Every structure is written in C-alpha cells, then in structure tokens.
Amino acid sequence: MTQTTPAPATRHVPADLPDRIQHYIGGAFVDSVDGDTFDVLDPVSNETYLRAAAGKKADIDLAVAAARRAFTEGPWPRMLPRERSRVLHRVADIVESRDARLAELESFDSGLPITQALGQARRAAENFRFFADLIVAQSDDAYKVPGRQMNYVNRKPIGVAGLITPWNTPFMLESWKLGPALATGNTVVLKPAEFTPLSASLWAGIFEEAGLPAGVFNLVNGLGEDAGDALVKHPDVPLISFTGESSTGQLIFGNAAPFLKGLSMELGGKSPAVVFADADLEAAVDATIFGVFSLNGERCTAGSRILVERSVYDEFVERYAAQAKRVVVGYPNDPATEVGALVHPEHYDKVMSYIEIGKQEARLVAGGGRAEGFAQGNFVAPTVFADVAPDARIFQEEIFGPVVAITPFDSDEEALTLANGVRYGLAAYIWTNDLKRAHNFAQGVEAGMVWLNSNNVRDLRTPFGGVKASGLGHEGGYRSIDFYTDQQAVHITLGEVHNPTFGKSGEQH
C-alpha cells in the first residue's frame with residue numbers, strides 16, 4: 001500500500017464557487033437555446049457542485065455566427081500585429097496576477113495537486129506572452145531573381161478556429177490553442193471538456209478586461225457528441241484544433257473530411273522511457289517517477305512504459321517500487337500532495353479496471369488499488385507493474401492514470417523494437433551516457449518528441465506533436481503560426497515579360 005501524509009481534516013472548497021456556468025457568445029453570457037444543462041462533479045466527493053449549460057447544434061450555430069461576424073466585420077483580423085500583441089500581453093498579465101485563484105479552481109475541478117495546478121496557470125500566461133512576442137517578430141519569406149522577379153509570402157488569418165480541449169490541465173491547454181489562434185488574427189469558438197468546465201469559464205472575463213473585441217472569443221460548453229460534433233461539422237469553421245484521445249481523433253478526422261478542414265490533432269500516447277545500464281540510475285528513477293505520476297498520470301506525454309537493460313533491471317525495479325510507495329497521495333488542495341484525485345468516477349473506474357487487468361498480466365510491485373486513507377473520491381495508489389510482456393494490454397493501451405509498466409531488454413535492437421512496438425508515437429525518454437547511442441536511438445525511435453537524460457522540459461519554440469496514432473500535424477512556435485494562417489505567394493515580374501505566345505501562327509493579315 002502507498003504511504004500517505006495525514007489527510008487534512010476537511011477538504012478545501014473554494015469560496016465564491018458558481019452554481020451554474022453559461023456559454024459566452026458574441027460578448028454575452030447566455031444559456032443554451034433549449035435550456036439544457038449537465039452536472040459537473042468535484043472529484044474528491046464525486047458530488048455535483050454546479051450545472052453547466054449543455055450546448056447543442058443551435059448554440060454552436062450562434063457562436064460560429066458571432067465569430068464569423070467578428071472576423072469579417074470586426075477590427076481584430078485587421079489590427080497590426082503589435083496591437084494584437086498588446087492585448088495578448090494584457091491577457092498574460094491578468095492570468096499571472098490571478099494565478100493562485102486560477103490554480104485553486106483548477107485543482108478543485110480537476111483533482112490536480114495545487115502546486116502542479118499553480119505551475120500550469122503560470123504556464124498559461126507564458127503561452128500568451130510567447131505568441132504575443134512571436135507574432136511581432138514574425139518574418140515572411142521573400143525570394144528574388146535580380147532584375148527579373150520578386151516573390152513574397154503574405155500570411156492571412158483563416159477565419160473561425162474551432163478549439164476542442166481535454167480535461168487534463170484544461171486551462172493551460174486552452175491557452176496553448178487560444179494564444180496562437182488569436183495572435184494570428186483568427187476568431188475562435190472554444191469547446192472545453194465537459195468534465196472540467198470551471199476554469200474555461202474564466203476566459204471571458206479575462207479577455208474582456210484585456211480589451212479583446214466582442215465576438216472574437218466564444219465559448220460553448222457541452223458534450224463531445226453534441227457541441228463538439230456540431231463544431232467539427234460546421235461549414236463556416238475551416239480549422240479544428242483538437243487535443244484528446246486517439247479514438248475521438250479518428251471520429252473527428254472522418255467528420256471533418258467532407259469539409260476539407262485544416263486539422264491539428266494531438267492524440268494519445270504510450271511513451272517509452274528507455275534506461276540503459278550506463279545511465280545515472282538515481283536521476284533516471286526520479287525522472288521516470290515524475291514522468292508517470294505527475295499530473296495524476298493524466299498526461300499524454302507520460303512515460304508509462306519503462307524499458308530497462310537487464311543488468312540493472314532488478315535494482316531499478318526495486319528502487320522504483322520503493323520510491324513509488326513513498327509518493328504522497330492526498331487531497332488536491334494540500335501543498336504536500338504529489339498525486340491527487342482522478343478527474344471523474346468514469347475515468348477512475350477505467351484506470352482501476354486496467355489495474356485489475358495488469359494483475360493478471362504482470363507482477364505487481366507497488367500500489368494496485370484505492371489509495372489508503374481515502375474511502376471516497378477518485379484516489380488511486382501509484383501503481384507499478386514489473387515483468388510486463390510486450391503483448392500485455394497494460395503495455396499496449398493508454399491507461400492515462402498513475403500506472404506504469406516496466407519491461408527488461410537485452411540489447412539496443414531489442415530496446416528499439418520494444419519502444420516502437422505500440423500504435424502510439426508521441427514522446428520518448430532515453431537514459432544513457434553513451435553519446436552515439438543516445439543520438440542513434442533518438443533517431444530510430446518512432447516519436448514526435450524525444451528527451452535525452454531529461455524529463456519533459458519543453459522549449460515553446462519547438463514543434464509539439466506525434467506520429468502514428470498520436471496525432472496529425474504539429475503545433476508550437478512557428479508551426480502554430482503556420483497552422484492558423486494561410487500562406488499566400490505573391491509573384492511580381494520586374495523585367496521584361498517572357499510570355500510563350502499561343503495562337504499567332506494562323507494570324508490573319
């Protein structure tokens with residue numbers, strides 16, 4: 001069983017919680033057209049603490065119409081990049097000034113440990129600041145043939161961007177899409193995850209205060225099969241950026257196809273962490289513990305498969321299991337908490353079902369059930385399975401919780417085969433002090449992002465995205481600018497025009 005610090009006598013409920021959440025369309029908070037709502041649960045008690053407007057096609061239609069009006073008639077797409085940048089910097093200032101409140105609400109709504117939620121709130125501000133700077137520094141290509149031709153690229157915002165975001169670190173991941181979409185002059189309709197709508201509801205007030213024109217940002221809450229589906233199928237939404245699970249991504253891909261929409265999809269992961277015998281084992285244990293148990297294990301880039309060279313395998317498993325048992329499970333609001341409550345009882349049941357599967361497939365060395373001391377709520381003990389075969393379901397399938405599979409290997413070739421032996425390809429983590437091996441292995445692994453001797457530390461200028469079932473396209477830095485703009489090539493002839501002449505051979509005199 002995991003060891004925990006004594007739980008706080010009472011769980012924390014933030015002051016001034018709303019009891020209902022509305023949509024935000026055309027600069028105004030509104031209920032659903034049909035008046036429908038859905039329950040939102042707090043993951044510690046699993047009790048309903050608010051009701052959110054349940055958007056359907058009619059609500060999406062209104063939001064898209066407002067966004068389209070703001071794009072075709074409003075000032076936002078026609079403002080100078082510096083003017084848009086100032087608004088986005090004000091957004092960042094406001095988010096930074098309210099980081100404690102944002103983290104408090106995010107932690108309560110999602111079950112994230114408060115210290116990690118605070119880091120995500122600050123990262124949200126940094127996302128806006130980054131794209132506010134990037135759009136001013138943006139340069140476009142020009143090509144010259146001296147005396148004959150000049151060619152340049154003219155970037156233009158595309159229109160209404162549909163943004164569909166997940167329930168893990170929702171506020172930060174919303175900022176990751178909102179920042180570049182708005183910086184490039186588009187208008188947006190955001191559909192946040194139904195499990196965690198609380199922090200998304202704060203964007204409207206932040207944008208109003210920062211001076212974003214009405215209609216540029218619109219928010220529709222609701223279920224994926226209702227609001228999300230209507231957004232994907234709307235003919236006036238040329239772009240869809242989606243973060244979520246791969247099966248939903250496949251559905252969106254199919255539904256967007258008849259409209260030939262631009263798609264950016266960051267999907268699931270089952271990322272390997274490969275530990276060679278020459279690695280710094282202490283650093284590797286620390287990083288791989290953090291890599292799968294931070295954010296409650298609810299992270300797409302989690303290193304949820306650890307592949308360990310045979311000669312250090314037993315030592316690694318022993319040290320890893322012992323440390324996993326010391327990971328502090330607690331109430332999300334407790335600063336000592338390292339793993340909080342999973343987001344929703346449905347997801348808790350899914351993770352627990354995988355733990356039961358794992359008990360049949362492999363050797364359980366830590367955790368394996370509900371966290372000790374928590375009779376209710378979605379608390380899972382950090383769980384470690386060893387001797388996991390590559391055809392095991394817990395090796396192949398994304399669990400998205402505090403569960404890790406450890407597998408031995410005997411050679412570099414076997415390690416690479418194991419690393420690439422799943423349908424996903426989002427991230428990979430490689431631990432070795434052999435420079436040549438590190439670079440060769442990194443180039444051989446099927447992953448959109450690779451970290452050498454490091455946990456997931458990202459530079460916002462780099463591309464973010466996966467291969468295989470982990471995604472389509474890349475965002476981050478200039479890749480986000482590329483996705484949210486049309487690149488129009490303009491060609492100018494400077495010298496004598498050399499036109500082939502058609503139709504003169506039979507000229508009448």
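Tutor: This is a predicted model, in which local features need pLDDT of at least 70, side-chain atom pairs count only at pLDDT 80 or more, and totals for chains, interfaces and linings use all residues. Residues are numbered from 1 along each chain as its sequence is written, and side-chain values use heavy atoms, with hydrogens and water left out.

Student: In which strand is the place of N151, and is N151 buried or exposed?

Tutor: Strands are DSSP runs of E with at least two residues, helices are runs of H or I with at least four, and both are numbered from the N terminus. N151 belongs to strand β7, which spans residues 149-157. Buried means under 20% relative accessible area, exposed over 50%, and partly exposed in between, with a 1.4 Å probe and protein chains only. Because its relative accessible area is 11%, N151 is buried.

Student: Which side chain is joined to that of N151 by a polar contact?

Tutor: Contact means heavy atoms within 4.5 Å, and, leaving out residues up to four places away in sequence, N151 touches D141, A142, Y143, V490 and H491. A polar contact is a pair of N or O atoms within 3.5 Å; within protein, one must be able to donate a hydrogen and the other to accept it, and residues adjacent in sequence count only if both atoms are side-chain atoms. At 2.6 Å, such a contact joins the side chain of N151 to that of H491.

Student: Which residues of helix α13 are buried?

Tutor: Helix α13 covers residues 412-419, and on its other side E413 and T417 are exposed. The buried residues are covered by elements including β13 (272-275), β14 (305-309) and α14 (435-444). These buried residues are A415, L418 and A419. They lie on the same side of α13 because their arc, taken from the directions from the helix axis to the C-beta atoms, is only 100°.

Student: How many helices and strands does the protein chain have, and what is its radius of gyration?

Tutor: The protein chain has 15 helices and 23 strands. The radius of gyration is taken over C-alpha atoms, and the globule rule is 2.2 Å times the number of residues to the power 0.38. For 509 residues that rule gives 23 Å, so the chain is as compact as a globular protein of that length, with a radius of gyration of 25 Å.
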